[in-house]
Amino acid sequence: MRKMFLLALAIFIMCMLVGPAVAEKPYFFPYVNPYEATVMEVPAVYEAELPEKVPTKVFRVHPFPERKVPDVFWYDQGLECSLVYQKDEAPLIFIIAGTGARYNSPKMIHMQKAFYQAGYHVISISSPTYSSFIINASKSMVPGDLNDDAEDLYRVMKIALDKVKSKVKVTDFYLTGYSLGGIQSAYISLLDETEKQFNFKRVLLINPPANLYNSVSRLDQLLNDNIPGGIKNLNVWYQNLLESFSSLYAEMGYFDLSGDFIYKAYKRHPPREDFLASLVGLSFALSSADMMFTADVMRGGGYITPKNVKMNNSTSLTRYAMVGLRTAFTDYFHEYFYPYFHAKNPDLTEQELIDQLSLNHIEKYLRSSKKIGLLHNQDDIIMAPGEVDYLHGVFGNRAQIYPTGGHCGNMNHPDVVRFMVNFFDGQEG
Amino acid sequence: MTESIQVKMLLLMTVLSILLLSGCSTIPKNTADTQPPLRQFEDVVHTEQGAVEVSDPLEGFNRGVYRFNYYFDKFIFLPIVGVYTFIMPDYAEDRVSNFIDNIYEFSNFTNNLLQLKFKATGITLARFAINTTVGIAGLWDPATSMNIRRQPEDFGQTLGHYGVGNGPYLVLPVFGPSNLRDTAGLVVDSMAFTYVAKELESDWMEDNDIRLIFSALTAVDKRKRQPFRYHGTGSPFEYDLVRMLYTAQRKILVEN
């Protein structure tokens, strides 16, 4: 009886001690508007604490060493990747960047630090839509096809691992990516089921689109809906923006682009939603202009650059930039991307191709493969109505959906970082 | 007193530009089977002035210098900065930065005064006084901690203030993005600084070795504080974007 009492007391005390640590505070994110969440830097109090510097080695890979790089890309010396390494034996995680982003974009650096802190080696890979990736690592040089992109990424991952093999001791392999890198991770995981080079233990898709065409249409539309008169009036919008910056300078007495300054400015003049939406659209348009130009030049031109011309380091590219900015992603799809695949397979219709570029297309695999998880936000601006719920249904209890955060806006939030790390440690749910 | 290194560099650049200009074409070379693209500029673009367009008649030359700067950075400048940051403790680097900033308050002072910005001129004077005394010869910057902020102005901004336009965009060797007006401003600021230092007969400015060390240290410190890397964005349109943003930034600075 006495023993029972002591045991009960001990359990009670343990609960008291552990209780407060286990009970998590409910998720709170300062930006309720999804455009604010997507664009604005999160104030430091809502950011996970991460190490300032992590041991990093940058290296280059050349999956197609025979390929001749056109003179206009004279500065490109190969596809840069990075390794963040632990001293001792550790699991290794590959992270894939989002549309147009490189291996060391701010979001990638944050993930590198978070996973380093959690005890992983991290190999970071630029997006297959990033210029240098198209130049060096894309087999077809027509980015956007999920199967082809997955094969290209897989090739890069194998070479990258080979390059760092002497530096790190690896136990298991893991994989993640955000945005476009998220949906690509699903396809890489599928490829790995047959290739079996990595045998990923767990794969996390962070804010992936459900259907690529739906998402790029929405991003194209942001620009047209929110810049008065559309992209052809970009300069009017831009000059107004500069004037606002100028008056902000006059008002604040100084000017810079630090997070601190932007946050102060935000407090004084909360930006209008149409402005934030146009920023998202514009940033996407800049990435896709880079992508289209690079792909076009690599394949001999004919789309936005003339066919069979020679460009070098003094060639003016301004006109191509202007055409590129005025070429929506959906234009690229209909005028360049689909014709390329149609030529290879005359029976393929546009709608079939659109349907293929999606998570729906590999739904069976996603439903049955327990190692794949999903991290998403209910208010993600790249998702069509119902798509987040659809993914939630596919992944079931392997999905973590936050109510707010926009498109990848909450990736540095302490709760989200903790979820990511716990997911790979096998403690989620 | 020798001419300042900056002035020499600029003279060299002018000569180079005259030599190189003739050889640079910015139009892609056609071959026998060149064909126009599906999306032609004339069909797609109906804007009088695009946001990315900046007057750049010397573009061929500028792109050449941009490329030169990429290599100069990669093989000379950044390795030197790397050695500097490796040898120096961070704490000492910050003291150097403050010291240099304090000396160049001279340019902020003269240019605020020339633009009749008396409040900013006074603030600059107060900063110099506080940082030189309390901040021990400018090694520390207690003024900023007191919320007495720097009032940066240069002669390019002064010219702009009085209505001088940008002139053509220029990429200067080592210095990077500029335009004709701001290049003239750079020369004038540098000459004024040298002249005053000479008039004050400050001993350390008379000594060529020390002058050289000071100039070199200024250059290394400036590069260290500038995170920009040539072709670090990976965008094939980086030259255009940098040109656009430089022009925008200067416009905002001139207006304020």
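Leu146(A), Asn147(A), Asp149(A), Ala150(A), Glu151(A), Leu153(A) and Tyr154(A) of α5(A) meet Ile183(A), Gln184(A), Tyr187(A), Ile188(A), Leu191(A) and Glu195(A) of α6(A); contact requires C-beta atoms, placed from the backbone, within 7 Å. Helices (H or I, at least four residues) and strands (E, at least two) are DSSP runs numbered from the N terminus. This is a predicted model, in which local features need pLDDT of at least 70 and side-chain atom pairs pLDDT 80 or more, while totals for chains, interfaces and linings use all residues. Residues are numbered from 1 along each chain as its sequence is written, with chains lettered from A and ligands numbered from 1 in the order in which they are written.

| Helix pair | Axes come within | Crossing angle |
|---|---|---|
| α5(A), residues 146–164, and α6(A), residues 180–195 | 9 Å | roughly 70 degrees |
| α7(A), residues 212–226, and α12(A), residues 329–344 | 8 Å | roughly 130 degrees |

Axes are lines fitted to C-alpha atoms, for helices over the stretch in contact, and angles run from 0 to 180 degrees between N-to-C directions. α5(A) and α6(A) are therefore roughly perpendicular, whereas α7(A) and α12(A) are oblique; under 35 degrees counts as roughly parallel, over 145 as roughly antiparallel, 65 to 115 as roughly perpendicular and the rest as oblique.

Between the chains, 42 residues of chain B are in contact with 47 residues of chain A. On chain B, β1 (29–35), α2 (41–44), α3 (59–87) and α12 (238–255) each supply at least two residues of the side touching chain A. Strand β7 (residues 307–310) of chain A pairs with β1(B) in the antiparallel sense over three bridges; pairing needs at least two DSSP bridges. Val309(A) stands opposite Asn30(B) in β1(B).

How values were computed
Two residues are in contact if their C-beta atoms, placed from the backbone, lie within 7 Å.
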